[in-house]
Amino acid sequence: MENPEIETKQIFSMPRIGDKAPAFKAVTTQGEIQFPTDYEGSWVILFSHPADFTPVCTSEFMTFASLEKQFNEANCKLLGLSIDGLYSHIAWLRTIKEKIEFKGMKDIEVKFPLIEDITMEVATKYGMIMPGESSTKAVRAVFVIDPNGVIRTIIYYPLSLGRNFDELYRVVIALQTADKFNIATPADWRPGDDVIVPPAGSCGVAKERMDSQDENTHCYDWFFCTKKMDKETVLNAIIRK
Ligand code: BEZ
């Protein structure tokens, strides 16, 4: 290490919610990509996993691949990364398809790109290396990036904990619903549940809303108003089949 301070800063630098997603060029299992240029107009989940040929990662890839169509229908593309080489990625994904049966999933073909990042260039740019956990493996990072290339949600998990993919799907749908209808979503929100109007921070508008409530709006107090939004309204606005 030539200059430990610079090295440490690079490892710990990480983009934040609201930042433009850092650009990179990479080799993947589906060819070369320019990020985020190649993904303009789509939501993206960019996620890292610690290593190929490991059990938690295998269970995650099988789950994500089996849900890919559902994410794509919500205009969301998947993009994986680990600090492994292309041939390791290819061999691991082939083994998954040919040999692994898990929770009723079998013959699973991972069609979304998996980035090779032997140099750790991308992992470092995105703060996916957490030396307290491992300095040679990426943690399980999840970046949800919008069609304008802006980071909208970041979630991190340690090496030993497999992600909840229902939650990742819920995040994508909730963000799109918030954008489309200018609302916010309460704790544990799912399509069909009441939404919050207007988004947090617009207290003056909430007071007005409270004074002119209609049958679809309910105010718990001046700062907390919800309105009904049925599941079809949400899904019709977001899901493309
Ligand atoms: C796994 O995916 O099983 C795993 C990877 C790295 C460390 C621990 C578990």
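Colleague: Which residue in S10 does Val 197 stand opposite?

Modeller: Heads-up, this is a predicted model: local features need pLDDT of at least 70, side-chain atom pairs count only at pLDDT 80 or more, and totals for chains, interfaces and linings use all residues. Numbering runs from 1 along each chain as its sequence is written, and side-chain values use heavy atoms, with hydrogens and water left out. Strands are DSSP runs of E, at least two residues, and helices are runs of H or I, at least four, numbered from the N terminus. In S10, the residue opposite Val 197 is Cys 225.

Colleague: Why is one side of S8 and of S9 left without a neighbour in the sheet?

Modeller: The open sheet runs S8-S10-S9, with antiparallel pairing (strands pair if DSSP finds at least two bridges between them). S8 and S10 share three bridges. S8 (195-197) and S9 (217-221) are at the edges, so each has just a single partner strand.

Colleague: Is H5 roughly parallel or roughly perpendicular to H7?

Modeller: Helix H5 (residues 165-181) packs against helix H7 (residues 231-238) at about 90 degrees, axes 10 Å apart. Axes are lines fitted to C-alpha atoms over the stretch in contact, and angles run from 0 to 180 degrees between N-to-C directions. Under 35 degrees is roughly parallel, over 145 roughly antiparallel, 65 to 115 roughly perpendicular and the rest oblique. That makes H5 and H7 roughly perpendicular.

Colleague: How far is the backbone N or O atom of Val 56 from an oxygen atom of the ligand?

Modeller: Val 56 is among the residues surrounding the ligand, with a heavy atom within 4 Å of it. The distance from that backbone atom to the ligand oxygen is 2.7 Å.

Methods: A polar contact is a pair of N or O atoms within 3.5 Å; within protein, one must be able to donate a hydrogen and the other to accept it, and residues adjacent in sequence count only if both atoms are side-chain atoms.
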